Structures are given as structure tokens and as C-alpha cells.
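Visitor: Hi, I have a new protein on my screen. Could you walk me through it?
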Amino acid sequence: MIHLHLTLLPGSLLRIRKAFWQGVACVVLFVASSLTARAQDIHQLARAVDEHYNHLRSLQADFTEIYRGDGAERTESGTLWLKKPRKMRWEYRSPREKLFVSDGKVVWFYLPEERQVRKTDFRKLDDLRSPIAFLLGKTKLENELQGLSKVVDQAPLNPAHTLLRGVPKAMAERLSEVLLEVTPSSQLARIVLIEVDGASTEFRFTNPKENVEVSDRLFQFTPPPGVETIEGELGQ
């Protein structure tokens with residue numbers, strides 16, 4: 001058996017150490033530059049979404065709302081209208097008709113089949129739909145969502161979209177996380193609101209129509225005759 005004995009001269013050892021640390025430095029610089037580039041990408045995407053919605057006067061879109069919690073799932077759909085400032089109208093058509101409407105000051109939640117309407121002040125509103133009223137004109141994602149980042153542990157519904165994640169500053173006692181699915185044209189195709197108890201409410205938006213002519217009357221509500229009006233929390 002032949003044994004090889006390698007003896008490293010001091011100069012050779014120094015060169016090996018130098019090459020090793022140069023390699024480590026290159027890896028660190030690569031990771032740092034990748035993280036910086038990723039942060040810049042998120043910043044640019046957030047700014048693009050902000051600019052897109054802040055220039056809109058009104059928005060109309062079809063929506064699907066999916067609630068998941070306590071082992072149950074509920075899906076509803078209808079049409080959403082938004083108009084500056086803070087005006088919104090959620091017109092539910094399936095599986096049952098209901099109306100969630102605000103003129104920016106008062107909010108009404110009308111259930112036709114129950115002959116009942118709930119009314120509350122917009123400033124006192126604690127509802128997962130309420131932040132969407134501020135989407136037009138006051139959007140600043142990086143201020144509203146802490147730690148805004150790209151989601152890598154789940155895919156967007158559309159492979160061409162980008163999925164973002166952040167921790168909301170508003171409604172922090174109720175929400176633990178928000179997911180935003182952004183289209184290549186900087187539109188929000190989906191918003192997922194995850195509550196602290198693990199329940200989630202997902203809004204999917206399709207067929208958006210921007211800056212359409214919408215009358216202020218669409219955001220006003222007068223209870224029909226014989227309908228009971230209850231002031232306070234809106235319920236669902």
C-alpha cells in the first residue's frame with residue numbers, strides 16, 4: 001500500500017485560507033444583493049399599486065367573497081362599486097340578496113328577506129369590508145402593511161400575478177395577516193384577510209371597470225316601508 005503525505009507550505013496554506021474567505025465574502029454579497037433587489041422589487045410593485053388606485057375616481061367590479069372558519073366555508077358573490085371619498089356599495093346577489101352601502105358617513109346593511117336593516121356611523125365601523133373604502137385616493141401599501149414581502153410558500157391563483165404578504169396596522173386586534181394578489185397591470189385581483197383566530201375572508205375581483213360614471217345616489221339608502229331599522233353593530 002502506498003501512502004501519500006502532503007505537506008502544505010505556509011504560503012500554500014495562506015492562499016487556501018484567502019480563497020476560502022473570498023468565497024464566503026462572495027456568497028454574503030450575493031445574498032445581500034439578492035435581498036436588496038427583492039426589497040426594491042416589492043417597493044416598486046407597492047408604489048405601482050398605490051399610483052394605480054390613487055388616480056381612480058371610481059371603480060366597479062364583480063366580486064366573490066369566501067369565508068373560511070370553524071370548519072365551514074361560505075361563498076357569496078355580487079358587484080362592488082367604489083367612489084371617492086369613502087363611498088362603497090356591495091350588492092350581493094348569490095346565494096341570497098343583501099346590500100352593504102355607505103355614503104362615506106353612514107353605513108347601511110340591508111337584508112331584504114329578513115325585512116331588516118342595520119345602520120351605523122362609518123367612523124365606528126368594524127367590518128372587514130371597510131378598509132376597501134379607502135382604496136381610491138389614499139392607498140399606501142407599505143404604510144398600511146408592515147413587513148410587506150413576496151409570498152413564496154404558496155402560489156397566486158394566476159401564475160402571472162404576484163402574491164404579497166403583510167401585517168396590517170389597522171384592525172391589528174382582529175387581523176394577523178393580509179395577502180394581496182397583484183396583476184401585471186398593478187390591479188388587485190384578490191385580497192385575503194386572515195384573522196387572529198385563523199378564520200379568513202377572501203375577496204376575488206373580476207371584470208374591473210375604472211373611472212366609470214357613478215351617481216352619488218347609488219351610495220344612498222332609504223329603508224323601504226315596513227323594514228325594521230336597528231342602529232349599532234352591523235352583523236353579517
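Guide: Happy to; we'll go from the overall fold to a single residue. Keep in mind that this is a predicted model.

Visitor: Thanks! How many helices and strands does the protein have?
Guide: There are two helices and 12 strands. Along the sequence they follow the pattern α-β-β-β-β-β-β-α-β-β-β-β-β-β.

Visitor: And what do the 12 strands form?
Guide: An open sheet with mixed pairing, in the order β7-β8-β9-β10-β11-β1-β2-β3-β4-β5-β6-β12. At its edges are β7 (145-150) and β12 (228-231), each pairing on one side only. On average, neighbouring strands are turned by 20° against each other, ignoring direction.

Visitor: Do pick one pair for me. How many bridges join β9 to β10?
Guide: Seven, and the two strands, residues 175-182 and 188-195, run antiparallel. V178 stands opposite L193 in β10.

Visitor: Switching to Y110: which strand is that in?
Guide: Y110 sits in β5, which covers residues 106-111.

Visitor: Buried or exposed?
Guide: Y110 counts as buried, because its relative accessibility is 11%, and the cut-off for buried is under 20%.

Visitor: Which residues does Y110 touch?
Guide: Leaving out residues up to four places away in sequence, Y110 touches K98, L99, R115, Q116, V117, F221, P224 and V227. The C-alpha atoms of Y110 and E228 are 9.8 Å apart, though 118 residues separate the two along the chain.

Visitor: Last one, back to the whole protein: what share of residues counts as buried?
Guide: Of the 236 residues, 39%. The accessible surface is about 14200 Å², and 54% of that belongs to carbon and sulfur atoms.

Key: Residues numbered from 1 in each chain as written. Predicted model: local features only at pLDDT ≥ 70, side-chain atom pairs only at ≥ 80, totals over all residues. Heavy atoms only, no water. Pairing = 2+ DSSP bridges. Helix = DSSP H or I, 4+ residues; strand = E, 2+ residues; numbered from the N terminus. Axes fitted to C-alpha atoms, helices over the stretch in contact; angles between N-to-C directions. Buried < 20%, exposed > 50% of the residue type's maximum accessible area, 1.4 Å probe, protein only. Contact = heavy atoms within 4.5 Å. Areas by Shrake-Rupley, 256 points an atom, 1.4 Å probe, with all protein chains shown as cover.
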